[in-house]
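The paragraphs after it go through some of them in turn.

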Amino acid sequence: MHFTLKFFGDIDTEGIDLISDRIEKVVNDFEPFNIKITGCGAFPNNNHIKVIWIGVESDELLVQLHDKLDKEFAAIGFDKDKKFSTHLTIGRMKSAKGKNQVKDVIEEFENVEIGEMNVSDIAFKKSTLKPSGPVYENLKTYDL
C-alpha cells in the first residue's frame with residue numbers, strides 16, 4: 001500500500017527527469033514525520049462504493065508535502081490536483097455484488113485506530129496494469 005501524492009499518467013523519459021528534479025527540490029524542505037492511520041470509508045460514499053480506503057489523522061505535513069510537490073509539478077506543465085485526500089486504498093468494488101456486507105464492515109470500522117506510521121521517504125513509482133491488478137515499481141526513492 002502507498003499514498004499517491006500525484007498521478008501523472010503516461011510520461012516519457014524526459015518527463016521522468018523533470019519530475020525527479022522537482023521531487024529532489026521539495027524533499028529537501030522536509031524531515032521525517034509521523035502520521036496516524038485511523039478510520040475507513042468509501043469513495044464516492046458508503047452507498048455507492050467504488051474505492052475502500054483507510055484514513056489518516058494528523059496529516060498536516062503530508063498535505064504540505066503534497067501541496068509543495070503539486071506546485072512544482074504545475075510549474076513544469078502538469079495540472080494541479082483539484083482536491084487531495086490523504087488515504088490508503090485497500091480495495092475496489094467492480095460491481096454491487098456484496099455491497100451491503102462491505103458497507104456494514106466499513107461502518108463497523110469507520111473509527112478504527114490502526115496506529116502510527118513514520119514517513120521518512122517518498123518513492124517515484126511506475127505502475128503497470130495487468131489483468132491481475134497493478135504492479136508497482138520504484139523508479140527512485142527520496143529520503144526526507
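How many residues does helix 2 have, and how far does helix 2 reach from its first C-alpha to its last? Helix 2 (residues 60-75) has 16 residues and reaches 23 Å, close to the 22 Å expected at 1.5 Å a residue; the expected span is 1.5 Å times one less than the number of residues. Helices (H or I, at least four residues) and strands (E, at least two) are DSSP runs, numbered from the N terminus. This is a predicted model, in which local features need pLDDT of at least 70, side-chain atom pairs count only at pLDDT 80 or more, and totals for chains, interfaces and linings use all residues. Residues are numbered from 1 along each chain as its sequence is written, and side-chain values use heavy atoms, with hydrogens and water left out.

In helix 2, the buried residues are Leu-62, Leu-65, His-66, Leu-69, Asp-70, Glu-72 and Phe-73. Buried means under 20% relative accessible area, exposed over 50%, and partly exposed in between (1.4 Å probe, protein chains only). These residues lie on the same side of helix 2 because they cover an arc of only 165° around the axis, taken from the directions from the helix axis to the C-beta atoms. The face turned away from this buried side carries the exposed residues Glu-60, Lys-71 and Ala-75. Just after helix 2, Gly-77 takes a positive phi of about 105°.

Strand 2 (residues 48-57) is joined to strand 3 by 5 bridges, and Gly-55 has His-87 in strand 3 as its bridge partner.

Key
Pairing = 2+ DSSP bridges.
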